[in-house]
Amino acid sequence: MTIPSFVIGIAGGTGAGKTTVAQLVTENVEDAVTRIPLDNYYEDLSHLDLEERSDVNYDHPSAFEWELLREQLTHLLEGRTVEMPQYDFEIHNRKDERITVEPTDVIVLEGILALYDERINEMLDLRLYVETDADVRILRRIQRDVVERGRDLEGVMRQYLSTVKPMHEQFVEPTKKRADLVVPEGANSVAVNLLEEKIQAEVEGDAVRSWDRETIEKRVSEGFDLDSAQTTE
Ligand SMILES: Nc1ncnc2c1ncn2[C@@H]1O[C@H](COP(=O)(O)OP(=O)(O)O)[C@@H](O)[C@H]1O
Ligand SMILES: O=c1ccn([C@@H]2O[C@H](COP(=O)(O)O)[C@@H](O)[C@H]2O)c(=O)[nH]1
């Protein structure tokens, strides 16, 4: 089994299009990709009843079991198999069963706070932030939560105003500055095509790490002028 060489983090607000982007950019390399939804690492809340679980703030960083995510990501990077938890949004809790995930050439970690944790960030080779207007995102969320996640409109609105929106502003949106690339309007075709090519090249092993932070930082420290790159290169 090969050890994954390329780890991508995809962050952004609820309904921004993170899952869609994650799927589209890895479509051509399906067998070589492991997708890790951050949602699977929500804390196990089995000690609470359903009503109590409905009131939890799922948009605060403390809702996630970061230690488990760090451990499992590290294991995958070491070429080891992990037993990944699964999440059930309808009951606001982890499922009983886990799934076995094999290490692959590409790993995609995707979720509202995928760029939040410093140590996770250090493990990422490419950090993306999917940016979509808040009005579009809430419309998508209403549709999804009511149709797919068994919620009622009033509850979705209450949750959005009490936790989703303020936590987005406090914790999610600020992670945008950690991103290497901001993808506007979710699945925009130019960005998706470029990323698809980059990921395919990584899998085929002939990628030039043009976005490699260390290389860029080194070149800047050697006097390379990023702002006028076309004229000085
Ligand atoms: N660029 C886009 N244009 C139109 N609809 C989109 C676009 N990106 C995502 N969607 C739709 O928006 C909804 C939420 O997208 P999703 O990828 O699940 O968002 P997230 O993972 O960020 O919550 C889905 O129904 C998806 O099909
Ligand atoms: O039990 C739960 C767990 C999470 N949520 C909400 O889900 C979104 C994150 O998922 P996206 O696919 O990125 O939208 C987050 O905003 C939580 O509020 C939930 O409602 N219930």
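Trainee: How many helices and strands does the secondary structure of the protein chain come to?
Mentor: This is a predicted model, where local features need pLDDT of at least 70, side-chain atom pairs count only at pLDDT 80 or more, and totals for chains, interfaces and linings use all residues. Residues are numbered from 1 along each chain as its sequence is written, while chains are lettered from A and ligands numbered from 1 in the order written. Helices (H or I, at least four residues) and strands (E, at least two) are DSSP runs numbered from the N terminus. The chain comes to nine helices and seven strands.

Trainee: Which residues is Leu 128 in contact with, leaving aside its neighbours within four places in sequence?
Mentor: Two residues are in contact if their C-beta atoms, placed from the backbone, lie within 7 Å. With those neighbours left aside, the partners of Leu 128 are Ile 8, Gly 9, Ile 10, Ala 179, Leu 181 and Val 183.

Trainee: At roughly what angle do the axes of H5 and H6 cross?
Mentor: Axes are lines fitted to C-alpha atoms, for helices over the stretch in contact, and angles run from 0 to 180 degrees between N-to-C directions. In H5, Ile 138, Arg 141, Ile 142, Asp 145 and Val 146 meet Leu 153, Val 156 and Tyr 160 in H6. The axes of helix H5 (residues 134-147) and H6 come within 10 Å, and their crossing angle is roughly 135 degrees.

Trainee: Is Glu 43 buried, exposed or partly exposed?
Mentor: Glu 43 sits in the loop between S2 and helix H2 (50-54). A residue is buried if 20 or more other C-beta atoms, placed from the backbone, lie within 10 Å of its own, exposed if 12 or fewer, and partly exposed in between. Because Glu 43 has 16 such atoms within 10 Å, the residue is partly exposed.

Trainee: How far apart in space are Glu 43 and Ala 63, C-alpha to C-alpha?
Mentor: Ala 63, Phe 64 and Glu 65 are in contact with Glu 43, leaving aside its neighbours within four places in sequence. Glu 43 and Ala 63 are 20 residues apart in sequence, yet their C-alpha separation is 5.9 Å.
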